[in-house]
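Reader: I would like a close look at one part of this model. Please keep it brisk.

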Amino acid sequence: MTLTLTPRRAAVLVITALAFIVAYLLGTSHAGSSVAAATGVPASSTGSTTGSTAGISSGITVSGTGKVSGTPDTLLLDLTVSANGDSVSSALAAANKVESKVQKALLGGGVAAKDLKTSGLSIQPNYTYSKSGAPSVNGYQVTESVEAKLRDLGKAGGLISSATNAGGNAVRIDGVSLDLEDTGSLVSAARDNAFGEAKAKAEQYAKAAGRSLGSVVSISETVQAPTPRYLAPIAYAQDMAAASAPVPIQAGSQDVGVTVTVVFAFGV
């Protein structure tokens with residue numbers, strides 16, 4: 001039998017062949033996808049993974065807190081001097097005179113110049129009021145404030161009395177606070193305590209899990225520095241100026257704290 005290949009038959013054969021090729025390729029792609037879905041591994045992957053939980057680090061994260069008490073080593077003193085005058089210049093001159101005496105008493109008592117600073121200056125008019133309520137200026141008031149840092153608590157009480165004696169009734173004590181500035185050794189001790197507590201926790205957890213404790217992976221810390229402890233302010237210093245005895249100062253104690261977060265690896 002003779003088969004004549006006409007252009008129409010040739011086109012049909014080409015289309016049929018292309019259809020078989022496309023069907024074959026699609027079947028291969030679906031088979032690969034089925035294998036990947038069944039195994040959980042991409043069909044193109046040729047590598048292997050060891051370990052039960054690849055990509056997830058194992059270890060113990062714990063925190064510890066250490067707290068150490070120390071005695072305040074600094075007293076912060078806030079003083080204000082007030083003076084009145086018929087004019088701004090006279091009131092200012094009077095305030096300057098008293099303020100100079102106060103500062104001289106503090107410097108002469110051992111306060112370093114770097115620990116003494118002027119913290120405020122205010123000039124306000126004084127008013128009188130007529131029967132109708134109309135105000136009129138009747139002089140001026142000047143206030144000057146100074147901050148002193150007393151580093152010798154043993155002498156602090158005497159210095160406060162000396163400063164108020166020097167200024168007399170023009171002196172007002174706005175605030176007294178105790179602070180702990182030298183915290184270096186206290187922070188080191190608190191840090192050791194905090195890490196010791198964290199390591200004890202990690203060892204306990206490792207033992208409970210039936211594992212040994214490995215090396216430290218990371219450490220982070222937060223330091224809680226002491227804040228100044230404020231004492232009740234003394235309104236005016238008349239009584240203190242009349243007294244010759246030093247002001248009694250009780251330092252008490254303040255705490256320094258350190259909190260650490262430590263990540264330990266499990267032992268091999």
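At what angle do helix α2 and helix α3 pack, and how far apart are their axes?

Author: First, the basis. This is a predicted model, where local features need pLDDT of at least 70, side-chain atom pairs count only at pLDDT 80 or more, and totals for chains, interfaces and linings use all residues. Residues are numbered from 1 along each chain as its sequence is written, and side-chain values use heavy atoms, with hydrogens and water left out.

Now the pair. Helix α2 covers residues 88–108 and helix α3 covers residues 153–167. Helices here are DSSP runs (H or I, at least four residues), numbered from the N terminus. The two pack at an angle of about 155°, with axes 8 Å apart. Axes are lines fitted to C-alpha atoms over the stretch in contact, and angles run from 0 to 180 degrees between N-to-C directions. α2 and α3 are therefore roughly antiparallel to each other (angles over 145 degrees count as such). The crossing of α2 past α3 is right-handed, meaning the near helix is turned clockwise from the far one by less than a right angle.

Which residues touch? From α2 come Val98, Lys101, Val102, Ala105 and Leu106. They meet Leu159, Ser162, Ala163, Ala166 and Gly167 of α3. Contact means heavy atoms within 4.5 Å. By class, this contact has seven nonpolar, two polar and one charged residues. Ala, Val, Leu, Ile, Met, Phe, Trp, Tyr, Cys and Pro count as nonpolar, Asp, Glu, Lys and Arg as charged, and the others, Gly among them, as polar.

Conventions: Angles under 35 degrees count as roughly parallel, over 145 as roughly antiparallel, 65 to 115 as roughly perpendicular and the rest as oblique.
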